[in-house]
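User: I'd like to learn how to read the sheets and the ligand site in a model like this one. Could you take me through it step by step?

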Amino acid sequence: MRSDSLSDRLGAEVWLKLENLQPSGSFKLRGLGLASERAVANGARRLVIASGGNAGLAVAWAARALRVPVTVVVPLTTGGQRRDLLRSLGAEVEVEGAAWDEAHVRAAVVAQEQHGALLHPFDDPVVWEGHAALVAECAADMAEPPGSVVVAVGGGGLLCGVLQGMHAAGWTEVPVVAAETEGAASYAAALAAGEPVTLPAITSIATTLGAKRVCDRAVRWAKEHPIRSALCTDAEAVAACRRFADDHRFLVEPACGAALAVLPGIRTPGPILVVVCGGAGVTLAELEAWTHLPGTPRAAVP
Ligand SMILES: *Cc1c(COP(=O)(O)O)cnc(C)c1O
(Lines give C-alpha, C1' and ligand atoms only; values in the text may rest on other atoms or scores of the structure.)
Protein backbone atom coordinates (compact mmCIF):
# COMPACT_ATOMS: atom_id res chain seq x y z
CA MET A 1 0.00 0.00 0.00
CA ARG A 2 1.30 3.45 -0.85
CA SER A 3 1.47 5.63 2.24
CA ASP A 4 0.16 9.03 1.21
CA SER A 5 1.01 10.61 4.54
CA LEU A 6 4.60 9.31 4.73
CA SER A 7 5.18 10.04 1.04
CA ASP A 8 3.97 13.63 1.47
CA ARG A 9 5.99 14.21 4.59
CA LEU A 10 9.24 12.70 3.29
CA GLY A 11 8.95 13.92 -0.29
CA ALA A 12 9.54 10.36 -1.52
CA GLU A 13 7.34 7.50 -2.61
CA VAL A 14 6.82 5.29 0.44
CA TRP A 15 5.24 1.87 0.13
CA LEU A 16 4.20 -0.29 3.06
CA LYS A 17 4.10 -4.08 3.24
CA LEU A 18 1.56 -4.46 6.00
CA GLU A 19 2.71 -7.55 7.86
CA ASN A 20 0.92 -6.24 10.95
CA LEU A 21 -2.21 -7.63 9.27
CA GLN A 22 -1.07 -11.24 9.61
CA PRO A 23 -3.51 -13.12 11.88
CA SER A 24 -0.87 -13.54 14.61
CA GLY A 25 0.00 -9.84 14.42
CA SER A 26 3.37 -10.02 12.68
CA PHE A 27 5.29 -11.43 9.72
CA LYS A 28 6.46 -14.27 12.01
CA LEU A 29 3.51 -16.37 10.89
CA ARG A 30 5.06 -16.65 7.42
CA GLY A 31 8.30 -18.34 8.39
CA LEU A 32 7.21 -20.10 11.54
CA GLY A 33 3.94 -21.14 9.93
CA LEU A 34 5.92 -22.81 7.14
CA ALA A 35 8.34 -24.39 9.62
CA SER A 36 5.38 -25.68 11.66
CA GLU A 37 3.72 -27.15 8.59
CA ARG A 38 6.92 -28.89 7.49
CA ALA A 39 7.57 -30.26 10.99
CA VAL A 40 4.10 -31.78 11.21
CA ALA A 41 4.40 -33.19 7.67
CA ASN A 42 7.65 -34.80 8.84
CA GLY A 43 5.90 -36.52 11.74
CA ALA A 44 6.27 -34.12 14.68
CA ARG A 45 3.59 -34.81 17.28
CA ARG A 46 4.08 -31.50 19.07
CA LEU A 47 5.51 -28.10 18.25
CA VAL A 48 7.84 -26.47 20.75
CA ILE A 49 9.35 -22.99 20.74
CA ALA A 50 10.98 -20.65 23.22
CA SER A 51 9.57 -17.17 22.79
CA GLY A 52 7.79 -14.64 24.91
CA GLY A 53 6.78 -12.73 21.85
CA ASN A 54 5.59 -12.86 18.28
CA ALA A 55 7.35 -16.12 17.35
CA GLY A 56 5.48 -17.91 20.14
CA LEU A 57 2.19 -16.40 19.01
CA ALA A 58 2.87 -17.43 15.41
CA VAL A 59 3.63 -21.03 16.35
CA ALA A 60 0.61 -21.18 18.67
CA TRP A 61 -1.55 -19.89 15.83
CA ALA A 62 -0.04 -22.37 13.35
CA ALA A 63 -0.41 -25.29 15.77
CA ARG A 64 -4.08 -24.54 16.26
CA ALA A 65 -4.59 -24.45 12.49
CA LEU A 66 -2.64 -27.71 12.08
CA ARG A 67 -4.43 -29.32 15.06
CA VAL A 68 -1.27 -30.31 16.91
CA PRO A 69 -0.37 -29.55 20.53
CA VAL A 70 2.18 -26.82 21.17
CA THR A 71 4.39 -25.87 24.08
CA VAL A 72 5.64 -22.29 24.27
CA VAL A 73 8.43 -21.80 26.80
CA VAL A 74 8.57 -18.18 27.90
CA PRO A 75 11.19 -16.47 30.06
CA LEU A 76 10.18 -14.96 33.41
CA THR A 77 10.08 -11.50 31.82
CA THR A 78 7.02 -12.42 29.75
CA GLY A 79 4.03 -10.93 31.56
CA GLY A 80 0.77 -12.60 32.53
CA GLN A 81 -1.23 -10.96 29.75
CA ARG A 82 1.09 -12.40 27.10
CA ARG A 83 0.95 -15.83 28.69
CA ASP A 84 -2.86 -15.63 28.69
CA LEU A 85 -2.88 -14.65 25.05
CA LEU A 86 -0.79 -17.73 24.20
CA ARG A 87 -3.08 -19.96 26.29
CA SER A 88 -6.15 -18.52 24.61
CA LEU A 89 -4.75 -19.85 21.33
CA GLY A 90 -4.49 -23.28 22.92
CA ALA A 91 -0.78 -23.28 23.75
CA GLU A 92 0.66 -24.92 26.84
CA VAL A 93 2.85 -22.28 28.44
CA GLU A 94 5.94 -23.11 30.50
CA VAL A 95 7.97 -20.47 32.27
CA GLU A 96 11.72 -20.98 32.45
CA GLY A 97 14.74 -18.75 32.84
CA ALA A 98 15.54 -15.07 33.10
CA ALA A 99 16.19 -14.75 29.38
CA TRP A 100 15.43 -16.38 26.05
CA ASP A 101 18.56 -18.57 26.01
CA GLU A 102 17.51 -20.45 29.13
CA ALA A 103 13.96 -20.85 27.84
CA HIS A 104 15.39 -22.26 24.62
CA VAL A 105 17.43 -24.87 26.50
CA ARG A 106 14.27 -25.97 28.30
CA ALA A 107 12.32 -26.05 25.03
CA ALA A 108 14.90 -28.45 23.59
CA VAL A 109 14.31 -30.82 26.51
CA VAL A 110 10.52 -30.64 26.10
CA ALA A 111 10.85 -31.38 22.38
CA GLN A 112 13.10 -34.35 23.09
CA GLU A 113 10.81 -35.80 25.75
CA GLN A 114 7.56 -35.39 23.82
CA HIS A 115 8.58 -36.23 20.24
CA GLY A 116 8.17 -32.59 19.41
CA ALA A 117 9.83 -30.39 16.82
CA LEU A 118 11.90 -27.59 18.28
CA LEU A 119 11.47 -24.45 16.20
CA HIS A 120 13.85 -21.52 16.16
CA PRO A 121 12.52 -17.94 15.98
CA PHE A 122 15.05 -16.69 13.42
CA ASP A 123 17.99 -19.02 12.69
CA ASP A 124 16.42 -21.54 10.30
CA PRO A 125 16.46 -21.66 6.46
CA VAL A 126 12.83 -22.83 6.42
CA VAL A 127 11.83 -19.75 8.43
CA TRP A 128 13.70 -17.55 5.92
CA GLU A 129 11.94 -19.30 3.05
CA GLY A 130 8.57 -18.53 4.60
CA HIS A 131 9.44 -14.88 5.21
CA ALA A 132 10.71 -14.53 1.62
CA ALA A 133 7.16 -14.85 0.31
CA LEU A 134 6.37 -11.33 1.43
CA VAL A 135 8.80 -9.95 -1.14
CA ALA A 136 7.28 -12.06 -3.92
CA GLU A 137 3.93 -10.43 -3.15
CA CYS A 138 5.47 -6.95 -3.31
CA ALA A 139 7.22 -7.75 -6.59
CA ALA A 140 3.93 -8.90 -8.07
CA ASP A 141 2.17 -5.68 -7.00
CA MET A 142 4.79 -3.00 -7.63
CA ALA A 143 5.19 -1.51 -11.11
CA GLU A 144 8.97 -1.11 -10.66
CA PRO A 145 11.54 -2.40 -8.18
CA PRO A 146 11.90 -0.14 -5.14
CA GLY A 147 14.91 2.13 -4.64
CA SER A 148 15.47 0.68 -1.19
CA VAL A 149 13.91 -1.78 1.24
CA VAL A 150 13.69 -1.05 4.96
CA VAL A 151 13.49 -3.87 7.48
CA ALA A 152 13.83 -4.10 11.25
CA VAL A 153 16.44 -6.53 12.57
CA GLY A 154 16.28 -8.60 15.74
CA GLY A 155 18.02 -11.94 15.26
CA GLY A 156 18.09 -11.38 11.50
CA GLY A 157 15.52 -13.93 10.34
CA LEU A 158 13.32 -11.34 8.68
CA LEU A 159 16.37 -9.78 7.03
CA CYS A 160 17.52 -13.16 5.65
CA GLY A 161 14.04 -13.92 4.34
CA VAL A 162 13.64 -10.53 2.73
CA LEU A 163 17.04 -10.79 1.06
CA GLN A 164 16.25 -14.28 -0.22
CA GLY A 165 12.97 -12.97 -1.61
CA MET A 166 14.71 -9.97 -3.18
CA HIS A 167 17.21 -12.19 -4.99
CA ALA A 168 14.39 -14.44 -6.21
CA ALA A 169 12.62 -11.32 -7.52
CA GLY A 170 15.76 -10.05 -9.26
CA TRP A 171 16.16 -7.10 -6.88
CA THR A 172 19.84 -7.94 -6.42
CA GLU A 173 21.08 -4.33 -6.55
CA VAL A 174 18.40 -2.75 -4.36
CA PRO A 175 19.96 -1.50 -1.11
CA VAL A 176 18.55 -2.77 2.17
CA VAL A 177 18.36 -0.57 5.25
CA ALA A 178 18.58 -2.62 8.46
CA ALA A 179 16.86 -0.73 11.28
CA GLU A 180 17.49 -1.25 14.98
CA THR A 181 17.14 0.75 18.17
CA GLU A 182 20.41 1.82 19.76
CA GLY A 183 19.91 -0.45 22.76
CA ALA A 184 19.36 -3.55 20.59
CA ALA A 185 21.95 -2.95 17.87
CA SER A 186 23.38 -6.45 17.54
CA TYR A 187 23.37 -6.26 13.74
CA ALA A 188 25.12 -2.89 13.65
CA ALA A 189 27.77 -4.37 15.94
CA ALA A 190 28.13 -7.44 13.72
CA LEU A 191 28.49 -5.35 10.56
CA ALA A 192 31.19 -3.27 12.25
CA ALA A 193 33.05 -6.39 13.38
CA GLY A 194 32.48 -8.40 10.18
CA GLU A 195 31.08 -11.29 12.21
CA PRO A 196 28.32 -11.86 14.77
CA VAL A 197 29.14 -10.44 18.19
CA THR A 198 27.28 -11.02 21.43
CA LEU A 199 26.04 -7.84 23.08
CA PRO A 200 26.51 -7.73 26.86
CA ALA A 201 22.92 -6.58 27.36
CA ILE A 202 19.79 -5.28 25.65
CA THR A 203 18.84 -1.82 26.88
CA SER A 204 15.96 -0.96 24.53
CA ILE A 205 12.21 -1.09 25.10
CA ALA A 206 12.04 -2.72 21.65
CA THR A 207 12.50 -6.13 23.29
CA THR A 208 11.37 -7.84 20.09
CA LEU A 209 14.64 -6.66 18.51
CA GLY A 210 16.54 -7.87 21.56
CA ALA A 211 18.51 -10.81 20.22
CA LYS A 212 21.93 -10.32 21.75
CA ARG A 213 23.53 -12.02 18.75
CA VAL A 214 22.30 -12.15 15.16
CA CYS A 215 22.46 -15.31 13.05
CA ASP A 216 25.56 -15.95 10.92
CA ARG A 217 23.62 -15.85 7.65
CA ALA A 218 22.47 -12.27 8.29
CA VAL A 219 26.10 -11.17 8.53
CA ARG A 220 27.20 -13.17 5.48
CA TRP A 221 24.48 -11.49 3.43
CA ALA A 222 26.27 -8.17 3.91
CA LYS A 223 29.13 -9.53 1.77
CA GLU A 224 26.68 -10.45 -1.01
CA HIS A 225 24.29 -7.50 -1.00
CA PRO A 226 24.35 -3.75 -0.28
CA ILE A 227 23.10 -3.48 3.31
CA ARG A 228 23.29 -0.39 5.47
CA SER A 229 22.62 -0.22 9.19
CA ALA A 230 20.40 2.57 10.53
CA LEU A 231 19.80 3.23 14.22
CA CYS A 232 17.23 5.21 16.14
CA THR A 233 16.57 5.89 19.80
CA ASP A 234 13.70 4.27 21.70
CA ALA A 235 12.06 7.69 21.81
CA GLU A 236 12.20 7.98 18.03
CA ALA A 237 10.78 4.47 17.59
CA VAL A 238 7.89 5.25 19.94
CA ALA A 239 7.22 8.59 18.25
CA ALA A 240 7.14 6.81 14.89
CA CYS A 241 4.58 4.31 16.27
CA ARG A 242 2.38 7.17 17.44
CA ARG A 243 2.63 8.96 14.13
CA PHE A 244 1.89 5.72 12.28
CA ALA A 245 -1.20 5.16 14.43
CA ASP A 246 -2.43 8.66 13.60
CA ASP A 247 -1.58 8.31 9.90
CA HIS A 248 -2.85 4.80 9.24
CA ARG A 249 -4.82 3.82 12.35
CA PHE A 250 -2.59 0.81 13.04
CA LEU A 251 -0.90 0.06 16.37
CA VAL A 252 2.57 -1.48 15.94
CA GLU A 253 5.41 -2.37 18.31
CA PRO A 254 8.46 -0.13 18.78
CA ALA A 255 10.38 -2.86 16.91
CA CYS A 256 8.35 -1.88 13.87
CA GLY A 257 8.54 1.79 14.82
CA ALA A 258 12.33 1.52 14.35
CA ALA A 259 11.85 0.76 10.63
CA LEU A 260 9.53 3.76 10.33
CA ALA A 261 11.78 6.05 12.37
CA VAL A 262 14.81 5.69 10.09
CA LEU A 263 12.93 6.69 6.91
CA PRO A 264 13.95 10.38 6.94
CA GLY A 265 17.61 9.34 6.68
CA ILE A 266 17.13 7.44 3.40
CA ARG A 267 18.56 9.23 0.37
CA THR A 268 18.40 6.57 -2.36
CA PRO A 269 16.33 7.48 -5.43
CA GLY A 270 13.12 5.58 -6.20
CA PRO A 271 10.33 4.30 -4.04
CA ILE A 272 11.08 3.18 -0.47
CA LEU A 273 9.51 -0.14 0.52
CA VAL A 274 9.06 -0.53 4.27
CA VAL A 275 8.31 -3.91 5.81
CA VAL A 276 5.77 -3.00 8.50
CA CYS A 277 6.63 -6.00 10.64
CA GLY A 278 3.83 -5.29 13.15
CA GLY A 279 3.95 -7.08 16.50
CA ALA A 280 1.33 -8.03 19.07
CA GLY A 281 3.33 -6.69 22.02
CA VAL A 282 1.76 -3.26 22.18
CA THR A 283 -1.37 -1.75 23.65
CA LEU A 284 -2.57 1.85 23.70
CA ALA A 285 -1.67 2.02 27.39
CA GLU A 286 1.87 0.73 26.76
CA LEU A 287 2.42 3.14 23.91
CA GLU A 288 1.25 5.95 26.17
CA ALA A 289 3.58 4.85 28.98
CA TRP A 290 6.59 4.60 26.64
CA THR A 291 5.82 8.08 25.37
CA HIS A 292 6.43 9.44 28.86
CA LEU A 293 9.83 7.85 29.21
CA PRO A 294 12.49 10.52 29.71
CA GLY A 295 13.71 11.96 26.44
CA THR A 296 10.67 11.04 24.35
CA PRO A 297 9.63 13.91 22.11
CA ARG A 298 5.88 14.56 22.16
CA ALA A 299 5.73 15.20 18.45
CA ALA A 300 8.50 13.78 16.35
CA VAL A 301 9.25 13.08 12.72
CA PRO A 302 8.12 11.04 10.89
C1 LIG B 1 10.64 -10.97 15.28
C2 LIG B 1 10.33 -9.56 14.99
C3 LIG B 1 11.30 -8.68 14.51
C4 LIG B 1 12.72 -9.10 14.25
O5 LIG B 1 12.80 -10.19 13.41
P6 LIG B 1 14.13 -11.10 13.37
O7 LIG B 1 13.80 -12.17 12.42
O8 LIG B 1 14.37 -11.59 14.77
O9 LIG B 1 15.22 -10.19 12.91
C10 LIG B 1 10.92 -7.39 14.24
N11 LIG B 1 9.67 -6.96 14.44
C12 LIG B 1 8.71 -7.76 14.89
C13 LIG B 1 7.35 -7.22 15.12
C14 LIG B 1 9.00 -9.10 15.19
O15 LIG B 1 8.04 -9.90 15.65
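User: In what order do the four strands of the open sheet with E4 stand?

Analyst: Strands (E, at least two residues) and helices (H or I, at least four) are DSSP runs numbered from the N terminus, and two strands pair if DSSP finds at least two bridges between them. In this predicted model, the order is E4-E3-E2-E5, with parallel pairing. Strands E4 (92–95) and E5 (116–119) are at the edges with a single partner strand each, so one side of each has no neighbour in the sheet. From one strand to the next, the twist averages 20°; axes are lines fitted to C-alpha atoms, for helices over the stretch in contact, and angles run from 0 to 180 degrees between N-to-C directions.

User: How many bridges join E2 to E5?

Analyst: Four bridges join E5 to strand E2 (residues 46–50). Arg-46, for example, has Gly-116 in E5 as its bridge partner.

User: Which helix lies across these strands?

Analyst: That is helix H5 (residues 100–113), which lies across E2, E3 (70–74), E4 and E5 and runs at about 165° to E2. Contact here means heavy atoms within 4.5 Å.

User: What should I know about the numbering and the confidence limits?

Analyst: Residues are numbered from 1 along each chain as its sequence is written. Local features need pLDDT of at least 70 and side-chain atom pairs count only at pLDDT 80 or more, while totals for chains, interfaces and linings use all residues; side-chain values use heavy atoms, leaving out hydrogens and water.

User: Now the ligand: which residues come nearest?

Analyst: A residue is near a molecule if one of its heavy atoms lies within 4 Å of it. Of the 17 residues around the ligand, the nearest are Lys-28, Asn-54, Gly-154, Gly-156 and Leu-158. By class, the shell has seven nonpolar, nine polar and one charged residues.

How values were computed. Nonpolar A, V, L, I, M, F, W, Y, C, P; charged D, E, K, R; others polar.
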